[in-house]
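Please read it beside the model.

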Amino acid sequence: MSWSRLGVALMHGLAKLPLPVLRGIGWVLGRLLFILAAPRRKVALRNLALCFPEATPAQRKVWARESFVVFCQTFLDRSWLWFGAEALVRRRVKLVGATHELEGDTPTIVFAPHFYSMDAGGLALPLNTEREFTSIFATNPDPVLDAWFMAGRQRFGNVRMLNRADGVKPIISTLRKGGLLYLLPDMDYGRNDSVFVPFFQVPETATIPSLSRFARLGKAKVVALYNRMTPEGYVAELSPAWEHFPTDDHVADTARMNRELEAAIRTMVPQYYWVHKRFKTRPEGQPSLYQ
């Protein structure tokens, strides 16, 4: 049996554990990972220093350590999210906020940034709407893990997965038919197609303007889904549709997206994906922020 198959089998068994026990295991693993994964620890601390220069180094270290814990806890929670009974998932994953935005057939983009709880939010939507739910994915190089991720994310509702390599046309087609698109455009995807807009205290952050462009091309409204881990499970909070979005200025729209995300992150700093080199791509001639 391959290591990946063994890992998936282990997750199947972990799904049966009480949530406090599973979270306790995640706490221990997260504290260990913070010590052992030095490169990622340095990335998280650097990101937090760039975004929160007003915070003390001690506070940023606390946030970073807790971020590693949340990372491990949410990863282990995929056991019951993807293998647990539907009744269990419904009991632990709550969708709150402007849920009326899911009604009808208005083309809708759900801005779902990379909080560690994003997979819980990805299940909260199809559990609470009968609309076709579309998400964009990149293939995992391990076929066993790829199959596990795909099956887990499609286990409830009418979910369609679109490969990022297939381009824009199927995405826009889905929206124009009244679809619901789950979009995670807040990572550094490189220079191609990115614009440089402020994010926290970094004035030129490479950000893809897909939220604005897809909304305009698909004639879609935009709502945000902010997913939070809680002691009881997860709360996915849906925002009202953003007013005056999109505009004809995709750069200004993308800057607004980052401002909206900043406000959400400030309510749960350790739960954001700080281990990613968010500021890796720099404008021409500017030095790396990770040296």
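## A pair across the chain

Which residue forms a salt bridge with Glu 101? Lys 221 does, with the closest N and O atoms 2.7 Å apart. A salt bridge here is a side-chain nitrogen of Lys or Arg within 4 Å of a carboxyl oxygen of Asp or Glu. The pair links distant parts of the chain, 120 residues apart. Lys 221 sits in strand β8 (residues 221-230). Glu 101 sits in the loop between β1 (93-97) and β2 (108-111). Helices (H or I, at least four residues) and strands (E, at least two) are DSSP runs, numbered from the N terminus.

Lys 221 counts as buried at 19% relative accessibility. Glu 101 is also buried, at 10%. Buried means under 20% relative accessible area, exposed over 50%, and partly exposed in between (1.4 Å probe, protein chains only).

## Basis of the model

This is a predicted model: local features need pLDDT of at least 70, side-chain atom pairs count only at pLDDT 80 or more, and totals for chains, interfaces and linings use all residues. Residues are numbered from 1 along each chain as its sequence is written, and side-chain values use heavy atoms, with hydrogens and water left out.

## Other salt bridges

Side chains of opposite charge can pair when their charged atoms come close. The whole structure holds seven salt bridges. One of them joins Arg 90 and Glu 86 at 2.9 Å, N to O. Both lie in helix α5 (residues 86-92). They are four residues apart, so about one helical turn separates them. Arg 90 is partly exposed at 38%. Glu 86 is partly exposed at 37%.

Arg 191 and Glu 284 meet in a salt bridge at 3.9 Å, N to O. Arg 191 lies in the loop between β5 (180-183) and β6 (195-199), and Glu 284 in the segment after α10 (250-266), so the pair ties together parts 93 residues apart in sequence. Arg 191 is partly exposed at 39%, whereas Glu 284 is exposed at 68%. Salt bridges that share partners also join Arg 78, Asp 119 and Arg 153 into one network.

## Packing of α9 on α10

Helix α9 (residues 210-217) packs with α10 at about 120 degrees, their axes 8 Å apart. Axes are lines fitted to C-alpha atoms, for helices over the stretch in contact, and angles run from 0 to 180 degrees between N-to-C directions. That angle makes α9 oblique to α10. Angles under 35 degrees count as roughly parallel, over 145 as roughly antiparallel, 65 to 115 as roughly perpendicular and the rest as oblique.
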